[in-house]
Structures are given as C-alpha cells and as structure tokens.
Amino acid sequence: HLESGDQAIILEGTSAPAGIPDPELAARLAEEYRGKYAMHGYSPEPNQWDEGGLYVFTPRQCLAWTVFFENPTKFVF
C-alpha cells in the first residue's frame with residue numbers, strides 16, 4: 001500500500017519462486033535495492049538470490065481507493 005493507511009492498493013494473486021535470475025537482472029536488482037535500502041543497512045550483492053528468495057507475483061485482482069466511501073475501484077485481470 002501507499003505510505004498513507006487511508007489510501008490503499010491491495011493486490012490479490014499468486015506468487016511462485018522465480019529461480020536464480022540471470023546475471024544482468026541480478027545486477028540491476030541489487031543496484032535498485034541498494035539505492036533504496038542502503039541507508040537502512042541492506043545492500044545486497046547480485047548473488048543475493050542464488051539460494052532463492054526472489055518471487056514472481058501474478059495479480060488476479062486489485063482493489064484501490066483514495067477515499068474508501070467515495071472512490072473504491074476494483075480491477076480483475
């Protein structure tokens with residue numbers, strides 16, 4: 001969800017292990033994670049996901065709103 005608990009995006013679906021990413025994707029993932037989370041002490045290397053931990057999420061539906069009683073929205077994929 002967004003930072004505000006009042007504005008929500010809820011995704012329902014399935015997830016499955018993604019397997020070991022190819023080296024280029026692993027490097028891009030590590031770079032993005034470091035850029036976002038290094039200040040919190042998380043700086044993964046590209047081999048971070050060689051033992052698992054990376055998942056693919058396939059959405060089934062999405063519920064979203066900025067003001068629940070005014071504009072709830074549902075998307076089905």
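This is a predicted model: local features need pLDDT of at least 70, side-chain atom pairs count only at pLDDT 80 or more; totals for chains, interfaces and linings use all residues.
In strand β2, Thr58 is the bridge partner of Thr14.

Strand β1 covers residues 8-17, and strand β2 covers residues 55-65; the two pair in the antiparallel sense over 10 bridges. Another place where this pairing can be followed is Ser15, which stands opposite Phe57 in β2. Strand β2 is also joined to β3 by 4 bridges, and these two strands likewise run antiparallel. Here the reader may look at Cys62, whose bridge partner in β3 is Phe75.

Taken together, the strands make an open sheet of 3 strands in the order β1-β2-β3, with antiparallel pairing. Strands β1 and β3 stand at the edges; each has a single partner strand, so one side of each is left without a neighbour in the sheet. On average, and with direction ignored, neighbouring strands of this sheet are turned by 25 degrees against each other.

Apart from its neighbours within four places in sequence, Phe75 is in contact with Arg60, Gln61 and Cys62. A separation of 34 Å lies between the C-alpha atoms of Phe75 and Pro44, although the two residues are 31 residues apart along the chain.

Arg60, one of the contacts of Phe75, is found in strand β2. Arg60 also counts as partly exposed, at 46% relative accessibility. Which residues does Arg60 touch, when its neighbours within four places in sequence are left aside? They are Glu12, Gly13, Thr14, Phe75, Val76 and Phe77. From C-alpha to C-alpha, Arg60 and Ala18 are 18 Å apart in space, and they are 42 residues apart in sequence.

The surface of the model can be considered next. Phe75 forms a nonpolar patch there with Ile9, Leu11, Phe57 and Phe77, and together these residues have about 520 Å² of accessible area. Ile9 is partly exposed, since its relative accessible area is 39%. Phe57, another member of the patch, is the residue that Ser15 stands opposite in β2.

Finally, attention may turn to a residue in a loop. Where is the place of Tyr42? Tyr42 is in the loop between α1, residues 23-37, and β2. Its relative accessible area is 31%, and Tyr42 is therefore partly exposed. With its neighbours within four places in sequence set aside, Tyr42 is in contact with Tyr33, Arg34, Tyr37, Gln48 and Trp49. The C-alpha atoms of Tyr42 and Gln7 are separated by 27 Å, and these residues are 35 residues apart along the chain.

Conventions: Residues are numbered from 1 along each chain as its sequence is written. Side-chain values use heavy atoms; hydrogens and water are left out. Contact means heavy atoms within 4.5 Å. Patches are made of residues with over 30% relative accessible area and no salt bridge: like charges are joined within 9 Å, nonpolar side chains (Val, Leu, Ile, Met, Phe, Trp, Tyr) within 5 Å. Accessible areas come from the Shrake-Rupley method with a 1.4 Å probe; for residues, only the protein chains shown count as cover. A salt bridge is a side-chain nitrogen of Lys or Arg within 4 Å of a carboxyl oxygen of Asp or Glu. Buried means under 20% relative accessible area, exposed over 50%, partly exposed in between (1.4 Å probe, protein chains only). Two strands pair if DSSP finds at least two bridges between them. Axes are lines fitted to C-alpha atoms, for helices over the stretch in contact, and angles run from 0 to 180 degrees between N-to-C directions.
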